[in-house]
Amino acid sequence: MKIQERTGAGAGRSAAPAQPSVGDRLPTPPRERKPALAALAVLLVLVGALGATMLVLQAGERIEVVKITKEIPAGQSVTDANTEPVMVAEDPGVHYIEWTKLDALKKLKAVSTIPAGVVPVGEMFGKEASVPEGRALVGLSLKEGQYPTGLKAGDVVAAYRVGGTARSGSDSDDAAGSSATGGGDSLIVDRARVDYVQPTKSGDIVSSTNRPVTLLVDSAEAAELTQAASNGEVALVLVPGN
């Protein structure tokens, strides 16, 4: 009887269902495809490629034009010393001046002051300078000592009459007459802007000839300044504002 009970117990244990092994995995459902996301990804790739193509095309349409490196006063022209080439994107609506036309540009004058760093357009140049209303350009021819060292276009100066200095002896009456007619050391223009100064030659310390200088002054001051300049009686002094 004991043997049969043991056998029955063993048979009961063997009839229990077998447990799954640790390495087995449950089946996963198939991934859901999203065509909208795939289409969006393709669209982004196409947009990126199109943008890169446009950049390449724009880079290929650049032109070499004139750039101003030093201020050009009104009435003056470009030179090799105040210009340099620069590349810009071509734009039919902007009248850039191509670098190959620099020699032709030298024959024209700035209609108004052009600051350094500007890429000029054709409208900035003409055959004659444009003088502002109520102003006048007066030309001077000055000797060394009648203008400060380092004078340059754009400086603010005062103009003095210096021709009627004191005289002695029989010239005293002439000196008095000169003072009565506006001679002597006197202020002609308190503030004038230097429009042009003739560049000095490289290596020159003292100029042996007069140096042309052009001043932009009020029209009311032009007559007296011109008269003094014709007699060589003008001296310039730098004043605050430079």
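Leu216 is buried, since its relative accessible area is 15%; buried means under 20% relative accessible area, exposed means over 50%, and partly exposed lies in between (1.4 Å probe, protein chains only). This residue belongs to strand 8. Helices (H or I, at least four residues) and strands (E, at least two) are DSSP runs, numbered from the N terminus. Leu216 touches Val131, Pro132, Arg135, Ala136, Leu137, Ala192 and Arg193, leaving aside residues up to four places away in sequence; a contact means heavy atoms within 4.5 Å. Between Leu216 and Val156 there are 60 residues in sequence, while their C-alpha atoms are 9.7 Å apart in space.

## Basis of the model

The model is predicted: local features need pLDDT of at least 70, side-chain atom pairs count only at pLDDT 80 or more, and totals for chains, interfaces and linings use all residues. Residues are numbered from 1 along each chain as its sequence is written, and side-chain values use heavy atoms, with hydrogens and water left out.

## The chain as a whole

The protein chain contains five helices and nine strands. Along the sequence, their pattern is α-α-β-β-α-β-β-β-β-α-β-β-α-β. Of the 242 residues in the chain, 26% are buried. Among contacts with a separation of 6 or more, 71% join residues 24 or more positions apart.

The accessible surface of the chain is about 16,600 Å², and carbon and sulfur atoms account for 57% of this surface. Such areas come from the Shrake-Rupley method with a 1.4 Å probe; for residues, only the protein chains shown count as cover.

An open sheet is formed by five strands in the order 5-8-7-6-9, with antiparallel pairing. Two strands pair if DSSP finds at least two bridges between them. Strand 5 (135-142) and strand 9 (234-238) are the edge strands, each pairing on one side only.

Strand 5 and strand 8 run antiparallel and are joined by eight bridges. Within this pair, Leu137 has Leu216 of strand 8 as its bridge partner. Strand 5 has a covered face with Ala136, Val138, Leu140 and Leu142, and an uncovered face with Arg135, Leu137, Gly139 and Ser141.

## The nonpolar cores

In soluble globular proteins, nonpolar side chains tend to be buried together. A nonpolar core is here a set of buried Ala, Val, Leu, Ile, Met, Phe, Trp, Tyr and Cys residues joined through side-chain atoms within 4.5 Å. The largest such core has 22 residues, of which Leu140, Leu215, Leu225, Val234 and Leu236 touch the most other members. Strand 5, strand 6, strand 7 (186-197), strand 8 (211-218), helix 5 (219-230) and strand 9 each give two or more residues to this core. Strand 7 gives the most, with five residues.

Val234 touches Leu140, Leu142, Gln146, Ala159, Tyr160, Val162, Leu225, Ala228 and Ala229, again leaving aside residues up to four places away in sequence. A second, separate core has ten residues, including Val66, Leu102, Leu105 and Ile114.

Arg161 is located in strand 6. This arginine counts as buried because its relative accessibility is 5%. The side chains of Arg161 and Glu233 make a polar contact at 3.1 Å. A polar contact is a pair of N or O atoms within 3.5 Å; within protein, one must be able to donate a hydrogen and the other to accept it, and residues adjacent in sequence count only if both atoms are side-chain atoms.
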